[in-house]
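Visitor: I am new to this structure and would like to learn how to read it. Please take me through it one feature at a time.

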Amino acid sequence: MKTLIKNGRIVTAVDDYVADIVIDNGRIETIGRHIAVGGDVEVHDASGLLVMPGGVDVHTHLDWAFGATHTVDTFGTGTKAAAFGGTTTLIDFCNQTMGESPLKGLEQWHKRREGACVDVGAHMIMLDVNAGSLADMKTLINREGVSSFKLFMAYPGVLMLDDGALFKAMRMAGANGALTCVHAENGPVIQVLVQEALEQGLTAPKYHATTRPPILEGEATHRAIRLSELARAPLYIVHLSSGEALSYVSEARDRGIPVHAETCPHYLFLTNEEYERPGFEGAKYVMTPPLRERGQAAHLWRGLKTDDLQVVSTDHCPFCFNAQPYGIQFSKQLGAERFSEIPNGAPGVETRLPLVFEGAVLKQGMSINRFVEIVATAPAKLFDLFPMKGTIAVGTDGDIVLFNPDEQWTIRAAEHHSRMDYTLFEGRSVTGRVKKVFLRGQCIVDGATWHGREGMGQYLSRGESGRIN
Ligand code: URP
Ligand code: ZN
Ligand code: ZN
C-alpha cells in the first residue's frame with residue numbers, strides 16, 4: 001500500500017519546509033516537490049498543516065499491576081488514546097516480581113501488549129536485585145531488546161531498591177549499554193511524613209503533596225546522580241517536577257556527566273492548587289511526584305529551553321476517579337478515607353502533543369523544531385528508536401502526524417479514547433490539534449474517525465540506549 005501526503009509543512013527537530021511524502025510498505029520512500037502518483041496511491045492533502053513525526057512517549061503504565069492496584073487502560077485502549085493524541089510509539093513499563101526473574105515479567109508483558117494499536121517497546125522495573133536478576137539484565141539487553149531499566153528510590157516495601165541494589169543495577173546497565181531510569185524521591189523519609197500526617201488526622205488528598213516535598217526529590221536526584229557517576233552508568237531521571245531536582249541535573253550536565261531528564265505536562269501546566277478542589281476532587285491529581293507550587297514550572301520551561309531537560313513524556317498511569325464498568329476496582333475512591341490509599345498516577349497519553357505545542361511554541365516562544373525534538377526526536381534517540389522513529393526522512397517508518405497549529409478546541413474526557421473517566425485538563429481550551437495520524441504509512445486516525453485496529457502495533461526491540469548525540 002502506498003500513501004502520498006502532499007503540500008504539508010514538514011517539521012522535524014531540524015527541518016522546516018513544504019514538500020510531499022510518499023510512504024511505501026510502511027517506510028518513507030520519497031520526499032520531494034509535486035510528486036506525481038498513480039491511482040493506486042492513497043492521497044492526503046496536508047495544505048496548511050504541520051507534518052511532523054509521530055510522537056514518542058517513553059513513559060506509560062498500561063495494564064500494569066502497581067502494588068495491590070492495577071491501571072485501567074489495556075494496551076488496546078491506551079494505545080488508541082495515544083494515537084488520537086498523535087503518539088505512534090510508546091515505551092511502557094513492565095516489572096520484575098519479587099523472587100522471580102525479570103524475564104518472566106517481560107514474558108507476561110508481551111502477552112498483555114498483543115492488543116497494542118501503535119508500536120511499543122519495554123522498560124524493565126527491577127525490584128529484586130541479586131546475582132540471578134543481574135545476569136538476566138544482560139539477557140534482557142542483548143537478547144530481548146530491553147535496554148532501559150527503571151529503579152525506584154520511593155515506595156519502600158513495594159518497588160524501592162536500597163542504595164546498594166540501586167548501585168549494582170546501575171553498574172550492570174552501564175556496562176552493557178543500557179540506560180538507567182530513576183524515580184527519584186526519598187521513599188523512607190516520605191513514609192515517616194505520611195505516617196505522621198495520618199496520626200494527626202490529616203487524611204485529605206492535599207496531604208499527598210505536603211508529605212512529598214521537593215527537597216526529597218532533590219535529595220534523591222542528587223544521590224541518583226552521584227551513584228550513577230560511580231557506577232559509570234548514563235542516567236535518565238523520570239517525571240522530574242521541581243527546580244531543586246533540576247538544579248542537580250544541570251550541575252551534573254555542566255560537569256559533562258551523562259544525565260538526562262524528562263518532565264510531564266502536568267508539572268508544566270498545573271500547580272498544587274489543584275489539591276484544594278472541593279470534596280475528594282483533589283484525588284484526581286494524586287501522582288508522584290505531586291504537583292508543585294506555582295513558580296516551579298518556570299524552572300522546567302527553562303530546563304527545556306536550555307536542554308537540561310530533554311523530553312516531555314506523560315507518565316500515563318490511569319486510575320479512574322470512580323469505580324467503573326469493565327470490572328474496574330482500583331479507582332481513586334480507595335483513598336476516600338486516607339490519602340495514602342489513593343492509587344498514585346494520572347492520565348495524559350491523549351493530550352501531550354497539543355498541550356506541549358501550545359505551551360512551548362505559542363506561549364514560551366520555543367521553535368517548532370524544539371517542540372518536535374522534546375516530544376519525539378530526543379526520546380527516540382535516548383531509547384534507541386531513532387531514526388526509524390522520531391523524525392521524517394527517506395527510509396524511516398512512515399509514522400506521521402498532520403497537526404493544525406491554529407485550531408482551537410476544548411479538552412473533554414468524554415471525547416477521549418482511554419478508559420479513564422477524567423482528564424487533568426477538563427474544559428481547558430487549547431490551540432493546536434491532531435488531525436490525522438499515520439502508523440507505518442497507514443492512516444489510523446482521521447479527525448474523530450478511527451481506522452486502526454488492536455494488534456497492529458509492533459514490538460520495538462532496542463539496542464544501546466542513553467546516547468543522544
Ligand atoms: O504517580 C505515578 N507517577 N505513578 C506511576 C508510577 C511511577 O512512579 O511512575
Ligand atoms: Zn516513577
Ligand atoms: Zn510512571
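Guide: Begin with Ser242. Setting aside neighbours within four places in sequence, Ser242 is in contact with Pro214, Glu217, Arg292, Gln296 and Leu300; contact means heavy atoms within 4.5 Å. The model is predicted, so local features need pLDDT of at least 70 and side-chain atom pairs count only at pLDDT 80 or more, while totals for chains, interfaces and linings use all residues. Residues are numbered from 1 along each chain as its sequence is written, chains are lettered from A and ligands numbered from 1 in the order in which they are written, and side-chain values use heavy atoms, with hydrogens and water left out.

Visitor: Where is Ser242 found, and is Ser242 buried or exposed?

Guide: Helices (H or I, at least four residues) and strands (E, at least two) are DSSP runs, numbered from the N terminus. Ser242 sits in the loop between strand S13 (235–237) and helix H8 (243–254). Buried means under 20% relative accessible area, exposed over 50%, and partly exposed in between, with a 1.4 Å probe and protein chains only. Ser242 has a relative accessible area of 0%, so it is buried.

Visitor: What does the side chain of Ser242 reach?

Guide: A polar contact is a pair of N or O atoms within 3.5 Å; within protein, one must be able to donate a hydrogen and the other to accept it, and residues adjacent in sequence count only if both atoms are side-chain atoms. The side chain of Ser242 reaches the backbone nitrogen of Ala245 at 3.3 Å. Thr77 is buried because its relative accessible area is 16%. Not counting residues up to four places away in sequence, Thr77 touches His417, Ser418, Arg419 and Glu454.

Visitor: How many residues surround ligand 1, and which are the closest?

Guide: A residue is near a molecule if one of its heavy atoms lies within 4 Å of it. For ligand 1 there are 13 such residues, the closest being His61, Lys150, His183, Thr288 and Asp315. This shell divides into 4 nonpolar, 7 polar and 2 charged residues. In that count, Ala, Val, Leu, Ile, Met, Phe, Trp, Tyr, Cys and Pro are nonpolar, Asp, Glu, Lys and Arg are charged, and the others, Gly among them, are polar.

Visitor: Which atoms of ligand 1 lie 3.2 Å from the protein?

Guide: An oxygen atom of ligand 1 is 3.2 Å from an N or O atom in the side chain of His61. A nitrogen atom of ligand 1 lies 3.2 Å from a backbone N or O atom of Asn344. The protein buries 100% of the 270 Å² that ligand 1 exposes when taken alone; such areas come from the Shrake-Rupley method with a 1.4 Å probe.

Visitor: What is in the largest nonpolar core?

Guide: In soluble globular proteins, nonpolar side chains tend to be buried together. A nonpolar core is a set of buried Ala, Val, Leu, Ile, Met, Phe, Trp, Tyr and Cys residues joined through side-chain atoms within 4.5 Å. Here the largest has 131 residues, and Met170 and Phe371 have the most contacts inside it. Helix H12 (residues 368–382) gives the most to this core, with 9 residues. A second, separate core has 14 residues, including Ile5, Ile10, Ile28 and Ala46.

Visitor: Which peptide bonds are cis, and which residue has phi near 50 degrees?

Guide: Most residues other than glycine have a negative phi, and most peptide bonds are trans. A cis peptide bond joins Thr288 and Pro289, with omega about -15 degrees. Pro289 lies in the loop between helix H9 (265–269) and helix H10 (296–306). The bond from Phe386 to Pro387 is also cis, with omega near 5 degrees. His34 has a positive phi near 50 degrees and is not a glycine. His34 is in the loop between strand S3 (27–32) and strand S4 (41–45), and counts as exposed because its relative accessibility is 68%. Asp63, also not a glycine, has a positive phi of about 45 degrees.
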